[in-house]
Amino acid sequence: MTDLLLLLPEIVLVVMALSLIVVARRVERAQSAAIFTVIAAAAAIFAGWAFSGAGPATGFGATISGDGYAQFFNVLFAANLALAALLSVKHLDAEHVRPAEFYALLLLSSTGMMLAAAATDLLVVYLGLELMTLCSYIMVGITRDRSISNEAAIKYFLLASFASALLLYGISLAYGVTGATDFQAIASAASSRGLAGHPLLLVAVALVAVGLAFKIAAVPFHAWAPDAYQGASAPVAAFLAAGSKAAGLAALGRVGLIAFAPEQRVWAGILVGLAALSIAGGSLLALSQSNMKRLLAYSSIAHAGYALLGLVSGTPDGISATMTYSFVYAFMTLGAFGVVIGLGERGEDLAGFRGLAATAPGTAALMLLFLLSLTGIPPTAGFAAKFGVILNAVRSGHLVLAVLAVVCSVVSAFFYLRVAVYMYMTEPQGVAPGRLPAEVSAALAVAAFLTIMGGMFPETFTAWTVPPS
Amino acid sequence: MSEYLGIVIFFVLSGAVVSAFILLSSVLGPKKPSAVKSEPFECGEVPFALPMGRVDVKFYLTAILFILFDVELVFLYPWAVAYRGLGVSGLVEMVIFVVILMAGFFYAWDNGALEWS
């Protein structure tokens with residue numbers, strides 16, 4: 001029974017999701033459901049913290065781990081859930097989405113992410129990621145009367161289920177060669193029985209990497225992201241950009257460091273390719289975007305590449321850098337999406353930011369903060385995080401990759417700071433935007449606080465970024 | 001391999017009996033085709049147009065509700081077989097599983113999925 005302590009945060013979220021489903025017909029306003037979702041997220045963080053040493057090290061037949069790695073990502077996913085819940089309140093009422101169902105899906109999707117980060121077995125990783133994406137398909141298409149939203153959901157569903165099939169095929173091949181789906185058992189079978197370098201195992205490594213690369217939207221498996229983000233309502237896009245990327249990175253980190261440690265050279269080679277293509281592709285494709293959601297989608301693709309820089313070395317230090325990166329990225333992208341959401345209809349288009357500094361100076365200043373952080377300019381958290389992953393790439397001898405990352409950072413400054421130029425250096429157009437809704441302001445305050453803190457005191461995060469054991 | 005001989009004989013016999021029946025009825029049976037006879041029998045929609053047309057969404061709802069109970073059965077059967085070995089913890093786990101499924105069923109019921117109107 002003590003095994004259940006390991007899953008306490010997940011249990012809290014599932015119980016709240018089921019309660020929301022049962023009372024769904026009686027929930028009229030998004031606000032009440034959002035409050036309960038935020039409470040559940042806070043309770044999940046508290047449960048994870050209060051019982052951090054109480055349970056066993058691993059549970060459920062050594063498929064779930066309660067190590068610091070899992071706890072770190074639990075906090076990240078719970079915070080992402082709370083911020084996404086706050087950001088979506090106004091949107092749901094405006095788009096006539098039934099709130100209880102939406103928040104139940106949000107809760108269950110976060111549960112899947114937590115499960116994927118805590119799993120030490122390939123099948124449980126698959127289970128968690130699948131729970132996450134199944135809920136995401138519905139959330140992307142939840143505004144049923146908008147055809148662009150339906151199209152986005154179908155595209156996302158088709159591509160992501162194809163990716164899931166590849167991941168499953170990789171898992172089955174790994175099982176076929178080593179006779180195990182457990183991370184430790186796969187690694188020990190590969191190293192002790194001389195199976196390292198077995199061609200089928202290498203195919204399995206490649207397929208698992210590709211399946212997980214789909215989840216983090218790394219080039220060339222990124223095609224779903226811009227369409228899905230643009231078609232989804234902005235809060236859902238923010239939730240996916242921050243959460244589903246972190247879940248994929250969490251799984252990649254644990255699988256790479258433990259399960260496929262004997263195949264480190266092949267694994268690193270695949271990740272180097274994915275990272276280089278994502279950084280270059282994401283930055284270049286973002287240059288021509290004028291829709292804010294598409295712009296942030298391509299930015300998320302580029303950031304997936306930067307986050308992968310920490311994993312190419314296969315060292316615990318590198319994984320810590322990636323953990324910091326996904327944490328910081330989650331909050332700066334939630335912040336940028338939050339401003340887009342707060343501005344409503346006009347925030348979706350780049351032209352809507354014209355002269356914003358004159359009409360809404362506070363909102364413009366917040367957006368500038370998040371844009372600077374996304375670009376990686378000190379003293380924001382984005383700089384510290386990017387410094388960490390690029391340093392890791394240099395230390396592990398991937399100098400060309402590091403140079404590419406720095407050059408593409410300069411390229412990305414062009415499209416991030418173009419928004420800033422629109423805000424500060426052009427004449428205002430139309431009427432001034434109204435005040436930000438209170439829920440959006442609260443979410444933006446949290447995101448801005450963490451973005452500044454992470455830049456001023458970058459070592460605060462490193463104490464919590466415990467690599468998987 | 002000899003223990004599989006019975007199965008092979010069973011396969012051959014059942015195949016022979018089935019093909020004999022189909023052959024005999026197609027050779028000996030009376031044939032009076034009419035428009036009514038070539039329509040879909042009992043279940044399914046009568047095709048008024050090409051199959052690209054729309055199917056009532058209520059069929060999907062029924063199919064999804066069927067899956068709910070189908071999944072429940074898939075897990076209940078092995079649990080019932082292994083019930084003695086699993087003991088109380090198995091019972092508790094199964095109750096939790098059924099409660100989660102019933103929450104979904106209650107949602108569907110509450111929102112009028114069972115009303116065929």
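In which loop of chain A does A:Ala62 lie? In this predicted model, A:Ala62 is placed in the loop between β1 (58-59) and β2 (64-65) of chain A. The phi angle of A:Ala62 is near 55°, a positive value in a residue other than glycine. A:Ala62 counts as partly exposed, because 15 C-beta neighbours fall inside 10 Å. A second residue of this kind is A:His96, which is not a glycine and yet has a positive phi of about 55°. A:His96 belongs to the loop between α4 and α5 of chain A. With 9 C-beta neighbours inside 10 Å, A:His96 counts as exposed. Most residues other than glycine have a negative phi, and most peptide bonds are trans.

A cis bond joins A:Val219 and A:Pro220, with omega about 5°. The proline of this pair, A:Pro220, lies in the loop between α9 (199-216) and α10 (224-231) of chain A. The peptide bond from A:Pro378 to A:Pro379 is likewise cis, and its omega is near 5°. A:Pro379 is found in the loop between α16 (361-375) and α17 of chain A.

Helix α17 (residues 381-395) of chain A packs with helix α13 (residues 292-309) of chain A; their axes come within 7 Å and cross at roughly 55°. On the side of α13(A), the contact is made by A:Tyr306, A:Ala307 and A:Leu309, and on the side of α17(A) by A:Lys386, A:Val389, A:Ile390, A:Asn392 and A:Ala393. These residues divide into six nonpolar, one polar and one charged.

Helix α6 (residues 122-140) of chain A and helix α11 (residues 234-259) of chain A have axes 11 Å apart, at an angle of about 170°. As this angle is over 145 degrees, α6(A) is roughly antiparallel to α11(A). From α6(A), A:Leu122, A:Val125, A:Leu129, A:Met132, A:Ser136, A:Met139 and A:Val140 take part; they meet A:Val236, A:Leu240, A:Ser244, A:Ala247, A:Ala251 and A:Ala259 of α11(A). By class, this contact comprises eleven nonpolar and two polar residues, with no charged residues.

Helix α3 (residues 30-50) of chain A was examined for its length and its burial. Its 21 residues should span 30 Å at 1.5 Å a residue, and the C-alpha atoms at its ends are 30 Å apart, so the two values agree. The buried residues of α3(A) are A:Ala30, A:Ala33, A:Ala34, A:Thr37, A:Val38, A:Ala40, A:Ala41, A:Ala44, A:Ile45, A:Ala47 and A:Gly48. They pack against four helices of chain A, namely α2 (8-22), α4 (68-95), α5 (99-118) and α19.

A:Phe457 counts as exposed, because 11 C-beta neighbours lie inside 10 Å. Along the chain, A:Phe457 and A:Ala384 are 73 residues apart, while their C-alpha atoms are separated by 9.0 Å.

Chain B has three helices and zero strands, and its elements run α-α-α from the N terminus on. Of its 117 residues, 1% count as buried. The mean pLDDT of chain B is 85, and 87% of its residues reach 70 or more. Within chain B, confidence is highest in helix α1 (residues 5-28), at a mean of 94, and lowest in helix α2 (residues 57-81), at 89. Where pLDDT is low, the predicted coordinates should not be read in detail.

The contact between the chains takes five residues from chain A and seven residues from chain B. The side of chain B that touches chain A consists of four nonpolar, two polar and one charged residues. For the complex, the predictor gives an ipTM of 0.82 and a pTM of 0.89.

Definitions and conventions:
Residues are numbered from 1 along each chain as its sequence is written. Chains are lettered from A and ligands numbered from 1 in the order in which they are written. This is a predicted model: local features need pLDDT of at least 70, side-chain atom pairs count only at pLDDT 80 or more; totals for chains, interfaces and linings use all residues. A residue is buried if 20 or more other C-beta atoms lie within 10 Å of its own, exposed if 12 or fewer, and partly exposed in between; C-beta atoms are placed from the backbone. Two residues are in contact if their C-beta atoms, placed from the backbone, lie within 7 Å. Ala, Val, Leu, Ile, Met, Phe, Trp, Tyr, Cys and Pro count as nonpolar, Asp, Glu, Lys and Arg as charged, and the others, Gly among them, as polar. Helices (H or I, at least four residues) and strands (E, at least two) are DSSP runs, numbered from the N terminus. pLDDT is the predictor's confidence in each residue, from 0 to 100. The expected span of a helix is 1.5 Å times one less than its number of residues. Axes are lines fitted to C-alpha atoms, for helices over the stretch in contact, and angles run from 0 to 180 degrees between N-to-C directions. Angles under 35 degrees count as roughly parallel, over 145 as roughly antiparallel, 65 to 115 as roughly perpendicular and the rest as oblique.
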